[in-house]
Structure formats: structure tokens, C-alpha cells
Amino acid sequence: MIVVRAPLRISFVGGGTDLPDFYHRRPGRVISTAIDKFVYVVVNRTPMIDKVTARYAITESVEKLEDLKHTRIKAALSYHGINKGIEISSFSSMPAKTGLGSSSSFSVALIKALNAFQGKKIDAGEAAEAASHLEINLVGEPIGKQDQYAASFGGFNIIQFNPDESVNVSPVLIDYKKRLLLQDSLLLFYTGIARAASSVLTEQKANIHSKFQTLSEMADSVPEFAERVMREDISGLGAMLQQGWLKKKSLASNISNSTIDDLYNAGISSGAYGGKILGAGGGGCVMFICPVDKKDDIRESIKKVAAEKNLSDFREIPIKFVQSGTEILYNGDHFHTSFS
Amino acid sequence: MREYVKNFSERVEALLKNLPEEEIAKALNILQAAYERDGRIYIFGNGGSMALATHWVCDFNKTVFSHNLDKHRRRFQAIRVPTTDEEITAWANDIGFEMIFAGPLQNYLQDSDVIIAISSSGNSPNVIKAVELAKSRKVPVIGISGFDSSNRLNQLADAKIHVPTEKGEYEIVEGVHGVILHLMTKYFKDYFDHLIAKAEK
């Protein structure tokens, strides 16, 4: 059995510039950090069972790989030439579709686990690249590459997407004081509205050429965000988050809606410096950067709005930043190759 | 005599003023990630570097948490390899001196671990053998070296902590390595103290 863990992420600015239609014209850039919420993928060898079994929200057990419903597991197994004698399960500390990149975290963990299953060790760059290939080329999701790289490398990074498809991951080297200061200045709420990134990104992708200037400004603002993190300019970071969010809203009609706007405005009018929606939009999480002494006021007013809107799954998500990337926590798949 | 002392300390001072901050920061991140996944840290080197390794293990496993030993149930797992002198002689005598680190390390090394390799020249064959083992398993490597920056350890490491000196300046290189290793200890000691103070506020 092999156990792999991948972190979820929060992204600050630059989202959307990781789509190929943009970064083929000029480099895209995002800044994000891994957080202490994880997806786990467990792969088990079943030499006596000539089937492929996948356990997630449901359990599937098929004789022929092509009958598997889970598109990414199916594509990944096919790519690795595995069609029987394997059982794959996933576990998560968060529900799906929250805008925290969980589906790509799953893909990176799956890729790392399947490589280990075949006795291959791959590094963070190779795992991110392979997971991007799986999701974008093999499954055909209209998504970018930022989440795969954020999950694979872990930590706090600027991720740059180059026209030649190469990606540079530059860690923002902040000490624990700066890290904890920013972490303590954040509030994160799950709106209770689950959305698939693909529904929003399809329209956003179609708009890329008309919104090229806006996206360029978003990519260009990334280094400034990192500098403000270094300077501990919390109010400035909040303002940048807000500018980024307003730009992002203009990219596609369904990125925001009246519920999201009301939640967002409640946070700002209770004293947040700025905020944004995490993920492609349409739902997911809302995040604020705020003065520490305003956190309770913001919590109260945003909860009130959520109750008025009947968002039954709405809740605060406490987070910590983590350095962890996608990692093999346990590899006990030795018996089939050892003499014992 | 005074001039000799002054001259030596000035050379050390110049190096201390130009520590490779970014690479040290990367090393601290690698150690933080290992802690988060409960991985182990294997450290090794020859001669004086082995003494540095053993000293660091003591500090990292205990001193880091010494202000709040009871409050940290999970601590670092830093281990010097080989863990026994007998293994050094057994590997050296039976197989060859170049295997004294890689041989024993192969018994322990898991995917979730990291290694710290210390070598003033950065070219000690036994150190490089163990680093190559870690690299082949994609285990992160913190390399602490001296002399010329083109040394093999500095090329292979993920965090390249290099102290540039003329070839053969062991005393200066090992002295600065000691300071860097203590910096790592102090960073995590301050960090964990800060977390405890914050939680108690």
C-alpha cells in the first residue's frame, strides 16, 4: 500500500494567467501558498483480484478499465498501462469544489502514487507536469496549471508559466514571523456554493483575447504582492487582493453573483482591507485580509448575510500555511519485489 | 600574534557577512516540510564535519524544544548516519570507505525523509555516494560545503549552502558551517517558542 498526501492551496493574485491562451502570448504568473488541508490518495496492489477498483464518493469495481466512470483515474491508469490488480481510494479534509484546488491536488497525489506503484520516483516538477498533462490534455479540462504546481511543490511561491510550456516555481522566502502575521490576518469562509472550475473557465477562456490587458496587469502585479508580503504591508496586500478581485470579476459574467457580492461587501464594510473569491468563481470560498482586531466583526456580519441567503453549508475554515508539497507518507508496497 | 588572530577573524567575519541567505532559507523550508510530514533528517560528514553533524543532532532534537520540552510531543527526528561506530568500520573494512554513509543510509531512507550532507571540499567520495542515493530516490538534499562552488555536493544539493574559500581552508569553512548549523537550530527554537507564547496569550 502507498499513501500520498497533497495540500490544498490559497491563491492571492494572478489567477487566470495560467491558461495557455494567455501564457502562450506572454508569461503568466500567480502567487499562492499551500495550506493545512489535504487530499490523500491510497493505492493498493491486489494481485489476486483482476479488477480496477476506485473508491471515492462511490465505489466502482470494473473488469475493464474503459468502464470506469472516474475520468481522471481512468485516464491516469491508461497512461500508466495499468488495467487490473489495483485499488485506489481518496480521502479529503474538505468537500470538493471549494475553490481550494482540491481536484488538482488529487491529480498530483494520484500521479505520484501511480509512479511509486510502478517503482518510479519523480520530483515535484515532474509530478506537477504529469498531473497537468493528465487533467488538461488527457481528460480535456479547460483549466490552467497553477494548482498542480502549488500542490506538488508546497510552500509559498510565485509560479510563472512560460510560452514554451516550462514553469518556474520561485519560493517567497518568508520567515515564520512574516508567515504567521499574514496567516493571522486572513479570514477564509466556504460560501456553501460548490462549483466546478470548468463551468466558469470555459467562458473565461473564450474571453482571453478581449481581456488580455486585464490579465497582463494581473500577472504583472504578482512581484509587487511578494514585496508587500516581505514588507509586512498587510493593508496594502488587502488592497491588492481587492484590485485583483475586481479585475477577475470583469473576465467572465459568472465569476460573481449577487450572493457572493453581498458576502464580499459585508466583509469589506466590517473593516476588511480587501478580499477575493478563491477558485475560478461562481462559488467556492471567500477570503479577506483584515486587521486582526476586526476579525470578530467580520465573522459576525458575514455569518448574518449567509443566514439570510440560506447558505446552509456556509462556514469559516481556519487555515495555516504549510511548507508540505505532495509527498509519499508511506510506501509499504515492497512485498511483491522482496524475498521475504 | 595579535595580527594573526585579527587576520583569521577578519576572514571569518567576511564570510559571515555574506552567508548564502537564500539557500539557508531554502534549507529551513526543507526542514519545516520534513517536520510537517513527520519525516526524518539524516546528517553526515567526515572528521570535523562528522563532529558538526553529531553536535547538530543533539541541538536539533533537544535544544530546539528545550524551553518547552513537555509541550512539544512531536519533535524533530534528526539522526546521524551511521548510528554506530561499528557500522563505519564494518562498511569501510568489508566493502570500502566510500560506502560508510550510503551503505547504512540505504537501510533507513524513506520517501518522507531529508538528508544534510556536510563536506568542506564538497567532493568527499563517501559523502557524494550517499547524496547520489538520496537524489535517486528524490529525497531532498541540503548540501553544506566550502572551497570552490563547482564542488560536486554543491551541484547536486537542493539547498546549496556554500562557504567560498581557497582550497584547504578547513578551519574557516568548518567554523562557518558550525555557525550556520546553529542558525538552523536557533530559527526553529525561536519559532516553536513563538508558537507556544502565541497559544498561551
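**Two chains, read strand by strand**

Guide: In this predicted model, Phe189(A) has Glu316(A) of strand β11(A) standing opposite. Tyr190(A) likewise has a residue of β11(A) opposite, namely Arg315(A).

Visitor: What makes β8(A) and β11 of chain A a pair of strands, and in which sense do they run?

Guide: Two strands count as paired if DSSP finds at least two bridges between them; β8(A) and strand β11 (residues 315-316) of chain A are joined by two bridges, and they run antiparallel.

Visitor: How many bridges join β8(A) to strand β10 of chain A?

Guide: Five bridges join β8(A) to strand β10 (residues 285-289) of chain A, again in the antiparallel sense, and with a threshold of at least two bridges this counts as pairing. Within β10(A), Phe288(A) is the bridge partner of Leu187(A).

Visitor: Why is the sheet of chain A that holds β9 and β11 said to have edges?

Guide: The order of the four strands is β9-β10-β8-β11 (chain A), an open sheet with antiparallel pairing. Each of β9 (274-278) and β11 of chain A has a single partner strand, so one side of each is left without a neighbour in the sheet, and these two strands stand at the edges.

Visitor: Which helix packs on this sheet by touching β9 and β10 of chain A?

Guide: Helix α11 (residues 258-269) of chain A makes those contacts, and its direction makes about 20° with that of β10(A). Helix α12 (residues 295-308) of chain A also packs on the sheet, where it touches β8, β10 and β11 of chain A, with its direction at about 15° to that of β8(A).

Visitor: Why is strand β8 of chain A called mostly covered?

Guide: A residue is buried if 20 or more other C-beta atoms lie within 10 Å of its own, and in strand β8 (residues 186-190) of chain A five of its five residues are buried. Leu186(A), Leu188(A) and Tyr190(A) point one way from β8(A), whereas Leu187(A) and Phe189(A) point the other way, and all are buried. In a regular strand the side chains alternate between the two faces of the sheet.

Visitor: How do you know whether the radius of gyration of chain A agrees or disagrees with that of a compact globule?

Guide: A compact globule with 340 residues would have a radius of gyration near 20 Å, and chain A has 20 Å, so the two agree. The C-alpha trace of chain A spans about 65 × 45 × 40 Å along its principal axes, and of the 340 residues 48% count as buried.

Visitor: What makes β3 and β4 of chain B partners?

Guide: Strand β3 (residues 114-119) of chain B and strand β4 (residues 141-147) of chain B pair in the parallel sense over five bridges, and the bridge partner of Ser119(B) in β4(B) is Ser145(B). Both strands belong to an open sheet of five strands, ordered β2-β1-β3-β4-β5 (chain B), with parallel pairing. Its edges are β2 (78-80) and β5 (159-164) of chain B, each with a single partner strand, so one side of each is left without a neighbour in the sheet.

Visitor: How many residues does each of chain A and chain B give to the contact?

Guide: Chain A gives 16 residues and chain B gives 14 residues. On the side of chain B, the elements giving two or more residues are α2 (21-36) and α8 (170-200) of chain B, and α2(B) supplies the largest share, seven residues. That side of chain B divides into three nonpolar, four polar and seven charged residues.

Definitions and conventions: Residues are numbered from 1 along each chain as its sequence is written. Chains are lettered from A and ligands numbered from 1 in the order in which they are written. This is a predicted model: local features need pLDDT of at least 70, side-chain atom pairs count only at pLDDT 80 or more; totals for chains, interfaces and linings use all residues. Two residues are in contact if their C-beta atoms, placed from the backbone, lie within 7 Å. Ala, Val, Leu, Ile, Met, Phe, Trp, Tyr, Cys and Pro count as nonpolar, Asp, Glu, Lys and Arg as charged, and the others, Gly among them, as polar. The radius of gyration is taken over C-alpha atoms; the globule rule is 2.2 Å times the number of residues to the power 0.38. A residue is buried if 20 or more other C-beta atoms lie within 10 Å of its own, exposed if 12 or fewer, and partly exposed in between; C-beta atoms are placed from the backbone. Axes are lines fitted to C-alpha atoms, for helices over the stretch in contact, and angles run from 0 to 180 degrees between N-to-C directions.
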